[in-house]
Amino acid sequence: MAYTVAHKLIADHRLEGEMQPGAEIGLRIDQTLTQDATGTLAMQEFEAMGLARVRTELSAQYVDHNLLQVDFKNADDHLFLRSAARKFGLWFSPPGNGVSHPVHMQRFGAPGKTLLGSDSHTCAAGSLGMLAIGAGGLEVAMAMAGEPFYLKMPQIMGVCLTGKLPDWVSAKDVILEMLRRHGVAGGVGKIIEYYGPGLAELSAMDRHVIANMGAELGATTTVFPSDEQTRRFLRQQGREAEWRPLQADAGADYDVHETIDLAAIEPLIALPSSPGNVVPVREVAGRPIYQSYLGSSANPGLRDFGIAANMVAERQIAPGVSFDINPTSRQLLDSLIKFDLLSALLAAGARLHQTGCNGCIGMGQAPATGRISLRTVPRNFPGRSGTEEDAVYLCSPETAAASALTGVITDPRTLDRVYPRFVEPERLASAADVLQPPEEDGAAVELQKGPNIRGLPALEPLQDEIGGPVLLKAGDDVSTDEIMPAGVQVLALRSNIEAISRFAFSRLDESYYERAMEYQRHGSLIVAGNNYGQGSSREHAAVCPAYLGVRAVLAKSFARIHWQNLINFGVLPLQFRNPEDWQRIGQGDVLEIKGIHEALRQGDELRANNRTRDEVYLLRHSLSERQIEVLMHGSLINYVRHKHAA
């Protein structure tokens with residue numbers, strides 16, 4: 001059988017299940033990645049397993065999200081994470097060392113490996129020929145413990161790239177073109193694999209941009225072959241010995257086919273407030289901007305900053321524009337200095353910020369109310385920037401720099417100058433990296449827990465009957481940022497479930513928390529539309545509703561990671577057999593679902609009775625036998641404890 005790259009990676013790591021789309025498979029995980037917004041919970045979960053050391057080839061803990069230390073909370077959590085890394089045998093990347101995804105790619109990425117990360121943009125490492133998947137922190141903790149990672153075998157979507165990108169168009173426009181065609185749910189249940197002659201001109205960091213935002217398509221992950229561009233990147237990093245070729249077999253076929261002529265792509269932009277709301281830049285040109293923001297895991301490479309530096313060199317940005325520069329790693333910042341790129345940006349009027357995720361997740365740099373913020377970040381969900389009434393547009397570095405110069409949204413092709421090409425140097429390895437290696441023996445290390453680090457809430461086994469009011473009725477494409485916001489105020493509470501739960505669904509309904517507390521012990525439900533839980537992998541979006549008493553979520557469809565997170569924390573995810581039934585349910589209606597245990601084990605259909613309207617709705621599930629057992633025990637933690645005890 002002729003295999004695609006994705007099939008080869010899965011076959012090499014498959015421990016359980018058959019490689020048939022929709023079947024549950026278990027994979028061996030080589031590497032894990034955690035960051036501070038999700039890693040504090042993951043480390044607490046790993047601690048709860050009672051293991052002395054991680055059982056992966058390599059695990060790394062990054063501090064890149066919560067870098068604003070306005071009180072003790074973030075600083076205390078950073079100390080806890082460092083002590084956990086020392087105790088359990090992880091690499092540790094301290095605050096200021098950089099965003100997890102590019103740093104991991106620079107230091108640890110290797111073709112043919114699997115990577116599981118507690119961040120939805122972990123898929124960026126697919127740029128190096130890895131099978132890199134984002135998941136909830138609990139699943140990453142399980143992988144750190146040597147357990148398989150389970151998922152449904154995806155379809156493989158092959159995207160054939162032909163042609164060559166024209167001037168003023170770059171990798172960000174390629175992934176925006178995919179979002180323009182397929183929307184934010186177009187990749188659900190799929191691995192996206194890029195191939196074809198167009199790959200020859202796309203560097204490994206160009207591929208990182210495309211793979212990173214595969215998460216915005218809802219894809220399980222994105223995969224690129226390992227070729228000479230991969231080899232060149234590893235050579236830049238002084239790691240060429242870790243290169244290995246990895247290509248699809250001749251004659252390999254894909255479940256879904258797509259073709260993109262790179263030469264036909266033009267500068268694109270995603271309008272507020274969805275990455276899928278994509279139009280050509282020329283259609284919105286002329287709108288005045290407040291901010292132009294360069295950086296993030298979606299555009300982290302030296303080329304992305306270098307092209308902007310060349311565009312603004314010896315020129316001044318427009319008055320009233322905040323031109324925010326967010327270096328994505330110490331290596332990149334060191335290179336910007338060495339190659340005289342940082343001075344060009346600063347001389348033009350740029351504002352320099354510390355290396356990290358920063359404004360991408362509302363950790364500073366929030367725009368003014370209602371003013372346009374152009375950003376090279378991956379997401380523009382409502383309020384994610386830190387400003388409730390924000391107007392965030394997603395674009396390429398070329399569009400961001402051109403617009404900073406003019407003060408209005410500008411198609412970079414209209415600038416009166418020659419395209420300033422940027423050629424990366426042959427070596428980028430930098431002494432500025434301050435990654436801390438694992439200790440040989442962490443037995444004597446004590447975990448440092450500040451007063452904000454609390455234990456996980458106890459979760460009860462799934463009841464045979466669920467009943468309660470629908471405390472929230474939501475529409476389509478509700479993101480985890482809307483279920484559990486990020487930002488300075490909220491993420492600092494990430495290790496205190498009781499405290500952070502006060503913000504649950506606050507962007508959709510500020511009264512939710514108070515109403516939920518009335519039914520915390522008796523139970524309540526959520527009703528939602530399509531693609532519920534898109535976006536971030538943060539499991540707080542599942543833990544907090546579970547803590548507040550949510551017993552089930554009824555939706556037209558779910559985003560992959562959030563669906564699994566709900567299961568992991570004992571919340572029953574069910575889909576409407578007839579999607580039109582969503583319209584018949586009102587917020588406040590009292591629903592009941594009976595005979596759950598037998599229904600789950602005997603088939604895929606359940607019934608919900610609406611006592612308020614005297615109606616019945618047919619529901620279905622797509623749970624595996626293993627996932628049903630997880631729910632029966634109330635959480636993945638309970639299930640694993642029972643399994644090990646047996």
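Student: Which residues of helix 3 do the residues of helix 2 meet?
Tutor: This is a predicted model, where local features need pLDDT of at least 70, side-chain atom pairs count only at pLDDT 80 or more, and totals for chains, interfaces and linings use all residues. Residues are numbered from 1 along each chain as its sequence is written, and side-chain values use heavy atoms, with hydrogens and water left out. Contact means heavy atoms within 4.5 Å, and helices (H or I, at least four residues) and strands (E, at least two) are DSSP runs numbered from the N terminus. From helix 2 come Asp 36, Gly 39, Thr 40, Met 43, Gln 44, Phe 46 and Glu 47, and their partners in helix 3 are Asp 77, His 78, Phe 80, Leu 81, Ala 84 and Phe 88.

Student: How many nonpolar residues does the contact of helix 2 with helix 3 have?
Tutor: Ala, Val, Leu, Ile, Met, Phe, Trp, Tyr, Cys and Pro count as nonpolar, Asp, Glu, Lys and Arg as charged, and the others, Gly among them, as polar. The contact of helix 2 with helix 3 has four polar residues and three charged ones. Its nonpolar residues number six.

Student: Why are helix 2 and helix 3 called oblique to each other?
Tutor: Axes are lines fitted to C-alpha atoms, for helices over the stretch in contact, and angles run from 0 to 180 degrees between N-to-C directions. Under 35 degrees counts as roughly parallel, over 145 as roughly antiparallel, 65 to 115 as roughly perpendicular and the rest as oblique. The axes of helix 2 (residues 36-48) and helix 3 (residues 72-88) come within 10 Å and cross at roughly 45°. The two helices are therefore oblique.

Student: Is the crossing of helix 2 and helix 3 left-handed or right-handed?
Tutor: A crossing is left-handed if the near helix is turned anticlockwise from the far one by less than a right angle, and right-handed if clockwise. For helix 2 and helix 3, the crossing is left-handed.

Student: Where is Thr 38, and is it buried or exposed?
Tutor: Thr 38 sits in helix 2. Leaving out residues up to four places away in sequence, Thr 38 touches Ser 118 and Arg 538. Buried means under 20% relative accessible area, exposed over 50%, and partly exposed in between (1.4 Å probe, protein chains only). Thr 38 has 4%, so it is buried.

Student: At roughly what angle do the axes of helix 6 and helix 7 cross?
Tutor: The crossing is right-handed. Ala 171, Lys 172, Val 174 and Ile 175 of helix 6 make the contact with Asp 206, Val 209 and Ile 210 of helix 7. Five of these residues are nonpolar, none polar and two charged. The axes come within 8 Å, and their angle is roughly 30°.

Student: Which elements do the buried residues of helix 9 pack against?
Tutor: Helix 9 (residues 302-312) has 10 of its 11 residues buried. Among them are Phe 305, Ile 307 and Met 311. The buried residues pack against helix 7, strand 15, strand 16, helix 10, helix 11 and helix 12.

Student: Which residue with a positive phi follows helix 9?
Tutor: The phi in question is near 60°. The residue is Glu 314.

Student: What separates the C-alpha atoms of Gly 529 and Gly 475?
Tutor: Gly 529 lies in the loop between strand 21 (524-528) and helix 17 (540-547). Its relative accessibility is 0%, so Gly 529 counts as buried. Beyond four places in sequence, its contacts include Gly 475, Lys 556 and Trp 582. Gly 529 and Gly 475 are 54 residues apart along the chain, yet their C-alpha atoms are separated by 4.7 Å.

Student: How far is the C-alpha atom of Leu 471 from that of Asp 589?
Tutor: Leu 471 belongs to strand 20 (residues 466-473) and is buried at 4% relative accessibility. Leu 471 and Asp 589 are 118 residues apart along the chain, and their C-alpha separation is 8.3 Å.

Student: What share of the 646 residues is buried?
Tutor: The protein has 22 helices and 26 strands. Of the contacts with a separation of 6 or more, 77% join residues 24 or more positions apart. Buried residues make up 65%.
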